[in-house]
Amino acid sequence: MSMLKDILKFNEDFVQEKKYEPFITTKYPDKRIVVLSCMDTRLVELLPKAMNLRNGDVKIVKSAGALVSHPFGAVMRSLLVAVYELQADEVYVVGHYDCGMSAVDPDAMISKMVNRGIKEETIKMMEYSGIDLKDFLRGFGDVATSVKKSVDTIRNHPLMVQTVPVHGLVIDPNTGRLDLIDDGSKSFN
């Protein structure tokens, strides 16, 4: 059951009643930061409020687990675009406690794919082509370690300018408390 009709009806009223006006801003983040966070639903409104961020303040990139899983993938490209094209001067990687990626079982996910119609032949063909599906789908054990890994990938990327601090934080999805994992400013002191 799709929500499309409800969304489009709401949007028609939203535009007609000019409810967008309080959100008008530029494409450049006022606070000159980019945040990589998890796509968890609990963080949609909580994360910006916990970080004192409003519409127009920040670029937010979301990925499951706040992971940079490939140094030349879409997440890293988005961070580079934020820095070089959209004037972001700092990067924040924000993972969260109780993250679903910490419990992902690749075998179980592959079974769910098959149950929803992905053919076994497709999975085998991908594996024969050199794609390690289990590694691709694998989550992580410890969120702090995962955040550090993403911070290191970004900080040491050959195309990331070394004058941009890359910070690592973990947020409590119930209270909004932020725990500092890596202060990227320390390397500039």
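Author: A salt bridge here is a side-chain nitrogen of Lys or Arg within 4 Å of a carboxyl oxygen of Asp or Glu. This is a predicted model, in which local features need pLDDT of at least 70, side-chain atom pairs count only at pLDDT 80 or more, and totals for chains, interfaces and linings use all residues. Residues are numbered from 1 along each chain as its sequence is written, and side-chain values use heavy atoms, with hydrogens and water left out.

Reader: How many salt bridges does the structure hold?

Author: Side chains of opposite charge can pair when their charged atoms come close. In total, the number of salt bridges in the structure is 11.

Reader: Which residue meets Arg177 in a salt bridge at 3.0 Å?

Author: Arg177 is partly exposed at 42% relative accessibility (buried means under 20% relative accessible area, exposed over 50%, partly exposed in between, with a 1.4 Å probe and protein chains only). One partner is Asp172, at 3.8 Å from N to O, and Asp172 counts as buried because its relative accessibility is 14%. The partner at 3.0 Å is Asp179.

Reader: Is strand E4 mostly covered or open, and how many of its residues are buried?

Author: Strands (E, at least two residues) and helices (H or I, at least four) are DSSP runs, numbered from the N terminus. In a regular strand the side chains alternate between the two faces of the sheet. In E4, Val166, Gly168 and Val170 point one way while His167, Leu169 and Ile171 point the other way, and all are buried. So E4, residues 166–171, is mostly covered, and its buried residues number six of six.

Reader: In which sense do E4 and strand E5 pair?

Author: Two strands pair if DSSP finds at least two bridges between them. With E3 (residues 90–96), E4 pairs in the parallel sense over six bridges, and Tyr92 has His167 as its bridge partner. On E5 (residues 178–182), Asp182 is the bridge partner of Gly168. Over four bridges, the sense of the E4 and E5 pairing is antiparallel.

Reader: What is the relative accessible area of Ser37?

Author: Ser37 sits in strand E1. Leaving out residues up to four places away in sequence, Ser37 touches Leu47, Ile60, Val61, Lys62, Ser63, Ala66 and Val94, where contact means heavy atoms within 4.5 Å. Ser37 is buried, and its relative accessible area is 0%.

Reader: How far from Cys38 is the nearest cysteine sulfur?

Author: A disulfide is a pair of cysteine sulfur atoms within 2.5 Å, and the structure holds zero of them. Cys38 is in no disulfide, and the nearest cysteine sulfur is that of Cys99, at a distance of 4.0 Å.
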